[in-house]
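Hi everyone, thanks for coming.

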Amino acid sequence: MKKIVLVFLTAITIFSCKETPKDYVTLQGKITNPKDSVLTIMGKSFMRPIQVTENGTFKDTLKVTNGFHGFKNGVMQSFIYLKNGDEIILNFDSEDFPGSIEFSGEGAGTNIYLSEKMEYIQKENLNNVKETFALSKEDFDAKMERIKNEVAEMLENAKDLDTTVYNMEVDQNAKMIEYFTANYEREHKSLEAFKPGTPSPKFNYPDVNGKNVSLDDFKGKYVYIDIWATWCAPCKREIPFLKELNKEYKGKDLAIVSLSIDKMENKDKWLQMVKDKNLEGTQIMADKDWNSEFTMAYGIKSIPRFILLDKEGNIVNSDAPRPSDPRLKETLNGLDL
């Protein structure tokens, strides 16, 4: 009987000492050169500001839905994988962001892997799909095979990776390769059609006074074409930069043409915005919005879109930098304007 009681008491002791799984995640760390007094964690229907001390340290506990969350300090944003029970240490320098982000602590393995994956994608410039689609078939096939092997190796070598993320990454890696291979032929053909030096498709549309304006009217000048619409917020954000561009290159061999693809029933709205915003340069309106001949010829599916042509109407860049992008002036200043 004494043996039975002893075994029972031993079992109770072991059970009592077993730690109950935490239903929260601990997040702490340090921000060098913080841009705000809080580090904000954002999830689905979830936003939690964490106080940042004067020396940049922070610490808090959060009950989360396991998965990806955003975090920001000031205007800088990135993402973090949070799972209840983890104790994650996050350090970064806001003046070297996101390159300085470092993860450690329990549960950091998943975030370390994801950071390395992002660095790999940036190194391979995979976000710039046009660069990959522009490769010859031989070089494209070789790149896809290399990337498939390297991302698989990276995933297999990851330490302390959450099982859900592992399975997700297996699927995402396969879909990435599938996307490139399935779209290569069509996208490569399109890029070849609009490579520098190729004659541009032409336009011939009415301006604000109803007078038709053709691409041929600008022979002898470089032409910077802005494809936009009155309903497009990113397009309208470029207006101040377009005005600056018109002012800076006035009198030079550069024609700035803004081509609206508003629906024809909204023509009055377009005319009113041109007037109210005092839009400069040549303002014209396409006849069939997205289905207009010029828009269709370039395969434009999103706006704003900018196109730069040379003095003979040949393509310099079929997807030129926006007016707000410093690279545009670098390009223009290198031309014989």
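This is a predicted model: local features need pLDDT of at least 70, side-chain atom pairs count only at pLDDT 80 or more; totals for chains, interfaces and linings use all residues.

Let's start with H2, which covers residues 108–123. This helix has 16 residues and spans 22 Å from first C-alpha to last, close to the 22 Å expected. Several of its residues are buried, including Ala108, Tyr113, Leu114 and Tyr120. What covers them? Among the elements over the buried residues of H2 are strands S5, S6, S7 and S8, along with helices H4 and H5. Just past the end of H2, asparagine 125 has a positive phi of about 55°.

Now to H4 and H5 themselves. They pack at an angle of about 180°, with their axes 11 Å apart. An angle over 145 degrees counts as roughly antiparallel, so that is how these two helices run. Phe140, Met144 and Ile147 of H4 are among the contact residues, as are Val170, Met176 and Phe180 of H5. By type, the contact has 11 nonpolar, 2 polar and 4 charged residues.

Next, the loops. The one between H4 and H5 holds aspartate 160, with a positive phi of about 55°. Aspartate 289 also has a positive phi, about 40°, and lies in the loop between S13 and H9. Buried or exposed? Aspartate 160 is exposed at 69% relative accessible area, whereas aspartate 289 is buried at 13%.

Finally, a cis peptide bond links phenylalanine 97 to proline 98, in the loop between S7 and S8.

How values were computed: Residues are numbered from 1 along each chain as its sequence is written. Side-chain values use heavy atoms; hydrogens and water are left out. Helices (H or I, at least four residues) and strands (E, at least two) are DSSP runs, numbered from the N terminus. The expected span of a helix is 1.5 Å times one less than its number of residues. Buried means under 20% relative accessible area, exposed over 50%, partly exposed in between (1.4 Å probe, protein chains only). Contact means heavy atoms within 4.5 Å. Axes are lines fitted to C-alpha atoms, for helices over the stretch in contact, and angles run from 0 to 180 degrees between N-to-C directions. Angles under 35 degrees count as roughly parallel, over 145 as roughly antiparallel, 65 to 115 as roughly perpendicular and the rest as oblique. Ala, Val, Leu, Ile, Met, Phe, Trp, Tyr, Cys and Pro count as nonpolar, Asp, Glu, Lys and Arg as charged, and the others, Gly among them, as polar.
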